[in-house]
Amino acid sequence: MVEKFSVKIKRFNIDFEVPLIWFTYFPFIGWIYPFAFRKDDAFAMHHGKQAFIMALFFTALPILLTFSTVFVPISFRVLKLIIVILIYLSHGAYFALCALGFMKVKDSEQYDFPIVIQYAKKINV
């Protein structure tokens, strides 16, 4: 059973079917779909585990960076600016990896993100 929904916009002549598995890499919450509804599908779980690890890492990283500014003296404004820039860059990197993952799921390719797959294989669901 492949869950799909139809997207139709008559004004722009758009009409296509979207499988729900495409949303596995939707930032921060997309991994929930394979874990909740596609446990028997190895392809969905492969990408769901990787999306979960990336969401976990890219949620924890900005939180840690934000709380690290507490230990930086007020007079070190340049260092605080660098930390803020790193937070924004981490979000940009996460969205880029989500886009890459989406493209791989869309093409039905069982892609392994180099570092992420090591931790994703340790998850038993």
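The lining of the largest cavity in this predicted model is made up of nine nonpolar residues and one polar residue, with no charged residues among them. That cavity holds about 30 Å³ of space. Here is a short tour of the cavity and of α3, a helix that helps to line it.

**The cavity**
- Rolling a probe the size of a water molecule over the atoms shows where empty space is left.
- In this model, the count comes to one cavity of 30 Å³ or more.
- Its lining is formed by Thr-24, Tyr-25, Phe-26, Phe-28, Trp-31, Ala-51, Met-54, Ala-55, Tyr-94 and Cys-98.
- Two elements, α2 (42–68) and α3 (77–106), each give two or more residues to this lining.
- The largest share comes from α2, which supplies three residues.

**The helix α3**
- Which residues of α3 are buried? They are Ile-83, Ile-87, Ser-90, Tyr-94, Cys-98, Gly-101, Lys-104 and Val-105.
- An α-helix has 3.6 residues a turn, so residues three or four places apart point the same way.
- Part of the cover over the buried residues of α3 comes from α2.
- Tyr-94 and Cys-98 are buried residues of α3, and both also line the largest cavity.

Conventions
Residues are numbered from 1 along each chain as its sequence is written. This is a predicted model: local features need pLDDT of at least 70, side-chain atom pairs count only at pLDDT 80 or more; totals for chains, interfaces and linings use all residues. Side-chain values use heavy atoms; hydrogens and water are left out. On a 1 Å grid over the protein atoms alone, a cavity is a set of points where a 1.4 Å probe fits but cannot get out, and a pocket is an open set with protein on both sides within 12 Å along at least five of seven lines; lining residues have an atom within 4 Å of a point. Grid points are joined across faces, edges and corners, and a volume is the space filled by probe spheres set on the points. Helices (H or I, at least four residues) and strands (E, at least two) are DSSP runs, numbered from the N terminus. Ala, Val, Leu, Ile, Met, Phe, Trp, Tyr, Cys and Pro count as nonpolar, Asp, Glu, Lys and Arg as charged, and the others, Gly among them, as polar. Buried means under 20% relative accessible area, exposed over 50%, partly exposed in between (1.4 Å probe, protein chains only). Contact means heavy atoms within 4.5 Å.
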